[in-house]
Amino acid sequence: MSAGGSGAAAEAIPQNNIIAFGVAGGLIGIYAAYFLVDMVGQYMSFIGALGAICGMIWGAAAVRRVASYGLGTGVPSIGMLALGMGVLAATFGLAVGGVAGPVIALITAAIIGLMVGVLANKVLKMGIPIMEVSMTEIATAGTITIIGLAISMTGTFDFPVILSQVITTGYIAVIFIAGGLAILHPFNANLGPDEAQDRTLICGLEKGAIAMIIAGIVATVNEGASGALTILIGLALWYIGFSGYYDRVKRDAYAVVGSGLLPSKEELE
Amino acid sequence: MEPLTGMGVLALMGAAATIAGASEDLESDVGSQSNPNSQVQLAPQMMYPHRIHSKAVSGEPPSNALMCAIGGTTASVLITTGASAALALAIGAIVAAAIHGTYSATAYMGRSASQKRFKQPVYLDVMRSHIPVIMGYAFITTFCILVVSYLMATVLAHPFPLPLLAFIWGITVGAIGSSTGDVHYGAERQFQNVEYGSGLNAANSGNIVRKAESGLRNGIDNSWFCAKFGGPVTGLAFGMTVFLSGWITTVFDATKGDAIGWVSVIAGIIIVLILILWNRNMEVAARAAYGTYKEDEAEAEVAA
């Protein structure tokens with residue numbers, strides 16, 4: 001029994017590898033974008049979105065793990081919670097941290113996530129064994145998503161620029177919801193007893209690419225960042241994600257048919 | 001601003017919101033999103049495979065917030081580059097509808113593929129026929145929400161920027177569509193095979209109607225049914241929400257002084273009280289007219 005029931009989800013890729021991929025990929029993406037935009041040119045801002053995609057895939061994997069303990073309608077809520085904690089941690093970290101901002105934001109997110117996880121298990125008595133770890137992961141993944149998408153919109157994570165070009169202009173709303181859906185949708189879309197980890201995660205890549213395209217659209221009006229490359233790479237990643245997802249659906253489904261009637265009684269038995 | 005201009009803008013916003021509410025509900029019905037989705041998901045597990053689209057993007061509020069925030073963001077970027085507002089809002093809505101289409105596709109394929117052991121096939125023609133309809137409704141919803149948000153941001157000089165207003169109205173239209181319209185689809189349409197008003201017996205879980213007036217039932221049949229009542233009533237509910245919440249501050253403009261501001265608060269409370277009393281009377285009148293479920297009485301007599 002894997003996802004959708006009430007037990008630990010089957011994992012082909014160990015979660016620790018995905019955590020390493022999310023944290024390392026996310027931070028490398030964020031810092032590479034920050035420094036390369038200064039050194040090479042503003043068109044390097046797309047790397048920030050690549051870092052954000054690492055965060056979103058990690059977030060989707062963490063949601064998948066914790067939601068496998070029978071959280072049916074709770075899946076969307078957990079995705080929104082991830083970005084809610086992320087916004088708090090990202091704005092705090094970037095406001096006080098300077099160049100170390102993203103790292104401080106990640107540590108803050110981990111602390112907030114751990115607190116929420118402890119509250120959920122100890123006070124609300126949800127009794128999910130991996131709640132504390134998962135909440136920490138989800139909050140941190142949400143923070144990487146927000147900072148990564150913000151830097152690909154603006155080309156920097158300097159707080160005054162983020163404040164004026166992302167928060168005051170309202171684009172934080174689309175970061176919040178596109179990032180949140182990229183984290184919550186993959187598991188929600190694949191919920192069921194025959195869910196498979198790689199199918200869920202490649203759906204995360206595809207949704208992350210959509211968030212990247214949107215970040216690219218916003219980057220076209222900001223001086224510090226360049227949108228064209230971000231949009232193009234986003235479209236390419238979306239195509240890879242969607243065709244990979246469709247291949248896995250064909251692999252996993254009972255049947256993929258052009259059209260047809262319902263399975264007969266004999267077939268169902 | 002002239003009070004008359006304010007009322008005119010408010011009327012336009014109310015009209016756009018009414019259309020947005022109706023199209024939002026019908027869009028969610030085509031794909032069986034939100035509450036009725038649990039039965040669509042459950043059906044194959046109870047040996048009832050079906051040809052109904054399962055659009056498990058997320059709850060309606062987040063998915064509509066996504067559409068509207070993407071539309072608002074794209075429109076805002078285009079307006080910054082000097083495009084006309086009408087064109088910007090339309091292009092924003094097209095981008096949002098296209099992205100919503102990809103979400104609908106992954107949700108249907110994923111949910112069906114995860115039901116392998118219950119032998120639920122993935123029907124590609126269900127996707128080909130339903131997703132354009134979903135995208136069409138999503139375009140209408142997003143465009144109308146963007147009109148409401150744009151009028152608020154520019155004419156009514158709301159302090160929030162366009163993407164944020166669109167995001168907030170997206171959540172609101174999703175929440176109202178989920179709470180108002182779903183009842184009509186979920187309780188009445190999915191379980192037309194049980195007696196009206198009998199509630200959902202646990203033994204009937206997943207036993208949704210899978211055969212249509214002609215052929216096998218699909219999501220487009222469901223939107224046809226819901227367009228008769230569920231969609232329009234959701235439109236009215238959302239239109240009233242937008243109109244009445246704007247009306248109190250347009251008529252009693254808080255910028256003209258604290259006293260008038262408080263009058264607008266009191267007017268809001270009075271409207272809420274009237275609506276509560278009206279709803280209560282409607283419920284009492286309906287119970288008096290239709291009574292309790294008859295089979296319960298018969299069972300009670302047998303038991304006695």
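This is a predicted model: local features need pLDDT of at least 70, side-chain atom pairs count only at pLDDT 80 or more; totals for chains, interfaces and linings use all residues.
Taken along the principal axes, the C-alpha atoms of chain B fill a box of roughly 65 × 50 × 25 Å. Of the 304 residues in this chain, 50% are buried. Among the contacts in chain B between residues at least 6 apart in sequence, 79% join residues that are at least 24 apart.

In helix H7 of chain B, which covers residues 219-226, the buried residues are Gly219(B), Asp221(B), Asn222(B), Ser223(B) and Cys226(B). Between the C-alpha atoms of Ile168(B) and Phe225(B), which are 57 residues apart along the chain, the separation is 29 Å.

Most residues other than glycine have a negative phi. Ser34(B), however, has a positive phi of about 65° although it is not a glycine, and Ala157(B), also not a glycine, has a positive phi of about 55°. Ser34(B) is found in the loop between H1 and helix H2 (37-42) of chain B, while Ala157(B) lies in the loop between H5 and H6 of chain B.

Two packed helices are described by the angle between their axes and the distance between the axes. Helix H5 of chain A, residues 131-154, and helix H6 of chain A, residues 159-167, pack at an angle of about 85°, and their axes are 10 Å apart. An angle from 65 to 115 degrees counts as roughly perpendicular, and H5(A) and H6(A) are therefore roughly perpendicular to each other. On the side of H5(A), the contact is made by Ala150(A), Met153(A) and Thr154(A), and on the side of H6(A) by Val161(A), Ile162(A), Gln165(A) and Val166(A). Sorted by class, this contact of H5(A) with H6(A) has five nonpolar residues, two polar residues and no charged residues.

Helix H8 of chain A has 23 residues, and from its first C-alpha to its last it reaches 33 Å, which is close to the 33 Å expected at 1.5 Å a residue. Of the 23 residues of H8(A), 22 are buried, so this helix is largely enclosed by the rest of the structure.

The last step is to bring the chains together. How many residues of chain A are in contact with chain B? There are 46 residues of chain A in contact with 46 residues of chain B. Elements of chain A that each supply at least two residues to the side touching chain B include helix H3 (74-97), helix H8 (197-219) and strand E1 (256-257), but the largest share, eleven residues, comes from H7(A). By class, the residues on this side of chain A divide into 29 nonpolar, eleven polar and six charged.

Helix H7(A) packs with helix H4 of chain B, residues 85-113, at an angle of about 40°, with the axes 7 Å apart, which makes H7(A) oblique to H4(B). This contact is made by His185(A), Ala189(A) and Asn190(A) of H7(A) together with Tyr103(B), Thr106(B), Ala107(B), Gly110(B) and Arg111(B) of H4(B); by class it has three nonpolar, four polar and one charged residues. Strands also link the chains, for two bridges join E1(A) to strand E1 of chain B, residues 122-123, and these strands run parallel. Within this pairing, Val256(A) stands opposite Val122(B) in E1(B).

Terms used: Residues are numbered from 1 along each chain as its sequence is written. Chains are lettered from A and ligands numbered from 1 in the order in which they are written. Axes are lines fitted to C-alpha atoms, for helices over the stretch in contact, and angles run from 0 to 180 degrees between N-to-C directions. Helices (H or I, at least four residues) and strands (E, at least two) are DSSP runs, numbered from the N terminus. Angles under 35 degrees count as roughly parallel, over 145 as roughly antiparallel, 65 to 115 as roughly perpendicular and the rest as oblique. Two residues are in contact if their C-beta atoms, placed from the backbone, lie within 7 Å. Ala, Val, Leu, Ile, Met, Phe, Trp, Tyr, Cys and Pro count as nonpolar, Asp, Glu, Lys and Arg as charged, and the others, Gly among them, as polar. Two strands pair if DSSP finds at least two bridges between them. The expected span of a helix is 1.5 Å times one less than its number of residues. A residue is buried if 20 or more other C-beta atoms lie within 10 Å of its own, exposed if 12 or fewer, and partly exposed in between; C-beta atoms are placed from the backbone.
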